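Here is a short report on one protein model. Keep the sequence and the structure in view as you read.

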Amino acid sequence: MFRRLARAIGGGRVVALGLLGLCVALRLWDPAPVETLRVKTFDLFQQISPRPYQPLPVAILDIDDPSLEEIGQWPWPRSLMGELVTKATAQGAVAIGFDMVFSERDRLSPEALLALFTALAPGKRAQIAALPDTDTAFAEAVARSRVILGQTSLRSSVFDRADRAPAPGVPHALLGDDPRPYLQRFPDLLQNLPALEAAAAGRGVFTVRPDVDGVFRRIPVTMLVQDSLRLGLAPEVLRVATGGQAFAIRTNAAGIEGVVLAGKLVATDADGSVWPHFTPSVRDRFVSAADLLNDRVPPGRLAGHLVLVGTSAIGLEDFRSMPLGTRIPGVEIHAQLLENILTDSLLHRPNYAIAAEVTAMAVLGLLAILVVPLASASVTVLASLGALVGLGYGGWHLFEARKLLLDPSAPLLTMAVLVVSLITANYLREERRRREIRGAFAQYVSPDLVAQLSENRDALRLGGETRELTLLFSDVRGFTAISERFKSDPQGLTRLMNRFLTVLSGAILAEKGTIDKFMGDAVMAFWNAPVPAPRHQHDACRAALAMRAATEALNATLDPDTPRIDVGVGLNTGLCVVGNMGSDLRFDYTALGDAVNLASRLEGQSKPYGVGIVLGETTAQAVGEDFALLELDLIRVKGKAEAERIYALMGDATLRASAAFRAACADNDTMLAAYRARDWTGAEAARTALARSGADLGLTAYLDLWKDRIAEATAAPPPPGWDGVHVATSK
């Protein structure tokens with residue numbers, strides 16, 4: 001069924017549909033790499049367009065490095081922290097929130113000092129014991145002001161203090177379904193000393209969890225701690241500063257919609273967290289704690305401000321990575337959240353975001369699957385680039401214009417994966433078609449030529465070039481007798497010839513030859529074109545020997561009553577014009593020239609001389625050191641005025657090195673020399689010797705030819721001026 005479906009809609013489309021399903025599944029699963037890519041995209045938007053800083057009634061009372069250097073190491077006495085609260089209140093601070101926890105008693109309280117310095121004189125101990133308790137002094141200062149103490153949430157209960165009370169709840173209302181299933185949960189809190197907790201006007205949780213890459217992007221407005229609904233530090237500061245009214249949580253079917261705070265809806269993610277639109281860290285937000293304690297802060301600097309107390313001291317290591325690519329003090333994250341709430345500049349990732357992103361992935365993916373296989377490469381590239389740019393700009397525009405965080409990276413990546421897969425499928429399909437065409441074309445011409453033409457379309461033009469080629473012509477001897485044997489079975493003759501031509505073709509192609517054409521039972525081939533062959537003469541000789549051997553092997557498989565196939569081969573080397581010859585409507589890749597004609601004539605001489613392979617002189621000179629060659633004659637073939645010395649290719653280098661072959665060559669050379677010197681008696685004697693030395697070379701017809709020729713010359717000597725050249729009267 002899958003194969004039928006693949007054939008119906010295309011294998012590439014089926015694969016692309018599978019990839020689309022995988023991409024959608026990955027987005028819904030949302031593993032860490034997918035989430036990281038998404039939030040990094042949102043970071044890029046903020047880095048391109050951070051929120052412009054504007055002075056707002058939000059300040060950070062900073063325990064900075066100059067403060068530690070001037071006042072002393074941290075932690076400071078709680079009495080000093082009380083003085084800090086008192087002076088900030090006197091400056092006009094509306095509310096003061098602490099981005100820190102005072103969970104242990106002050107190590108500089110009178111009680112702690114007496115326990116530490118046990119050797120003090122009784123009078124000194126009495127003086128110290130009479131001093132006011134620093135934690136109490138701090139609690140009294142907190143009670144006189146509007147102070148929101150910070151608490152940090154814990155993933156598990158690790159503290160078991162007897163004086164630890166359950167975390168008090170915050171007045172709230174629920175608008176819609178129960179929000180608890182959606183909220184971030186913490187089983188426990190690290191709280192302040194009970195006296196401080198009782199004195200505070202509010203308590204806010206300052207815990208902020210980083211994303212998977214360690215960057216702090218989202219801040220919980222509300223959360224669930226010890227099964228109680230709580231506010232984060234910045235929202236709690238705002239709630240207390242505006243009268244301490246109850247907050248409300250609005251939910252819908254997808255989760256939490258927002259938190260109503262100070263009569264205003266703060267839209268949140270489904271888990272009750274928000275995405276601040278950050279500005280770069282700005283020193284104007286900060287007031288040094290030492291300056292406030294030593295009265296160096298201009299009057300009214302904190303008037304009407306929401307003040308957060310925290311630290312930017314390097315040694316206290318309260319720094320957080322932010323989306324803008326820098327690290328800022330942890331307290332500044334809460335300050336920027338307050339600024340976002342006051343200016344309605346929070347970024348918002350709506351509850352329908354996942355559905356919208358998955359829908360965009362599916363729609364665009366299906367369009368790509370539908371269109372890409374049908375479109376041209378240029379249209380595909382332009383359309384894909386347009387879609388990718390459109391997606392990226394769409395996500396950016398929603399961020400810039402509407403402060404919406406909709407992720408274009410998942411649809412972008414899905415589009416890229418699908419387009420690449422579909423283009424790859426198109427390429428593989430076209431490559432398969434090219435292979436099919438190449439395979440079919442290779443039935444007619446050399447595979448090397450097919451490969452060249454597939455890489456160089458300019459080669460498919462009329463014209464040629466001059467090259468030295470080695471040309472081969474072969475023909476079947478006695479084909480008439482074979483045809484008569486199959487007179488009543490022409491299909492059988494066709495099958496036999498196909499088998500025969502197949503083995504010849506295999507021998508030629510194995511030596512990298514180019515088959516020019518089949519002419520009935522004849523074959524024309526050449527070497528050194530279209531692919532250069534430095535030793536083309538040797539390649540052609542090996543092919544000719546292999547053709548003869550393959551023919552003998554074929555004969556061994558035929559029925560006994562089938563006439564034996566014998567093939568004659570002619571080889572010649574010379575300059576030719578090789579290329580596409582013909583008309584504009586049809587042309588062949590072929591070779592033309594005198595060397596071609598001579599090769600054809602040499603094949604015709606294989607029958608009268610009784611040898612299988614005849615070589616022209618140029619070919620023989622190139623291969624004479626590596627093959628067993630026997631000079632046959634000096635002849636003038638039909639249609640040529642010049643004489644050509646011709647040779648028989650008897651075998652390879654092994655035969656050439658044998659003593660018997662060397663003896664036969666010597667006798668043959670003696671016979672030819674005597675004949676050309678008009679020494680008919682010497683020629684006959686040498687011929688008789690050759691019959692003995694060459695008994696195993698199959699030279700019967702050759703010896704008979706020379707016997708007749710010597711006898712004719714003896715009976716009727718040639719005229720004076722005879723040059724020893726034999727004129728061939730047949731092709």
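## Overall make-up

How many helices and strands does the secondary structure of the protein come to? The count is 25 helices and 27 strands. Keep in mind that this is a predicted model.

The protein has 731 residues, and 48% of them are buried. Its accessible surface comes to about 34000 Å². Carbon and sulfur atoms hold 58% of that surface. Among contacts with a separation of 6 or more, 76% are between residues 24 or more positions apart.

## An enclosed strand

Strand 21 covers residues 522–527. Buried means under 20% relative accessible area. Six of the six residues of strand 21 are buried, so the strand is largely enclosed by the rest of the structure.

In a regular strand, side chains alternate between the two faces of the sheet. Strand 21 is covered on both faces. Ala522, Met524 and Phe526 are buried on one side. Val523, Ala525 and Trp527 are buried on the other.

## Its hairpin partner

Strand 20 (residues 514–519) runs antiparallel to strand 21, and five bridges join the two. Met519 stands opposite Ala522 of strand 21. The two strands form a hairpin with two residues between them. In this hairpin, Gly520 takes a positive phi near 65°.

Leu26 lies in helix 2, which spans residues 11–29. Is Leu26 buried or partly exposed? Leu26 has a relative accessible area of 30%, so it counts as partly exposed.

Methods:
Residues numbered from 1 in each chain as written. Predicted model: local features only at pLDDT ≥ 70, side-chain atom pairs only at ≥ 80, totals over all residues. Heavy atoms only, no water. Helix = DSSP H or I, 4+ residues; strand = E, 2+ residues; numbered from the N terminus. Buried < 20%, exposed > 50% of the residue type's maximum accessible area, 1.4 Å probe, protein only. Contact = heavy atoms within 4.5 Å. Areas by Shrake-Rupley, 256 points an atom, 1.4 Å probe, with all protein chains shown as cover. Pairing = 2+ DSSP bridges.
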